[in-house]
Amino acid sequence: MIKVEFFGTEPIYGFHIMGHSDMNPKGPEILCAAVSSAAYMTANAVTDVLWLKPVLLNKDGNMYLKVKTESEAEQCRVLFEGLRLHLSSLSEQYPKYLKVKNSEV
């Protein structure tokens, strides 16, 4: 199962995505690909478009990204809200394979 945690709600400071869906062990993992693509797009926009330097770790099916200040979180508001909306929509379609939650900063 893929588990996604968003840090904060108003504003969101970042996210942690961990795990694999294991939805199709013998073939293409469309859910993992969809989640990974959205996460990489968000991370690349934060670092290469907004030129922020968040805490960013990416290894073995885990991506952790967290901005450091409320000002940075405000700059990323649309990106983080868009990612949350997209992943929440996917979790409604694939509830056995993807879980999204929010936690406080």
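How many aromatic pairs does the structure hold? There are 3 aromatic pairs. Rings of Phe, Tyr and Trp (its six-membered ring) pair if their centres lie within 6.5 Å; planes under 30 degrees apart count as stacked, over 60 as edge-to-face and the rest as tilted.

Before you select anything: this is a predicted model, where local features need pLDDT of at least 70, side-chain atom pairs count only at pLDDT 80 or more, and totals for chains, interfaces and linings use all residues. Residues are numbered from 1 along each chain as its sequence is written, and side-chain values use heavy atoms, with hydrogens and water left out.

**Stop one: F7 and Y64.** Select both rings. The pair is tilted, with 5.4 Å centre to centre and 50° between the planes. F7 sits in strand β1 (residues 2-7) and Y64 in strand β4 (residues 62-66), so the pair ties together parts 57 residues apart in sequence. Strands (E, at least two residues) and helices (H or I, at least four) are DSSP runs, numbered from the N terminus. F7 is buried, at 8% relative accessibility. Y64 is partly exposed, at 24%. Buried means under 20% relative accessible area, exposed over 50%, partly exposed in between (1.4 Å probe, protein chains only).

**Stop two: F15 and F80.** This pair is edge-to-face: 6.1 Å centre to centre, 80° between the planes. F15 belongs to strand β2 (residues 14-18) and F80 to helix α3 (residues 77-93), 65 residues apart. F15 is buried at 0% relative accessibility. F80 is buried at 0% too.

Ring pairs link F6, F15 and F80 into a cluster.
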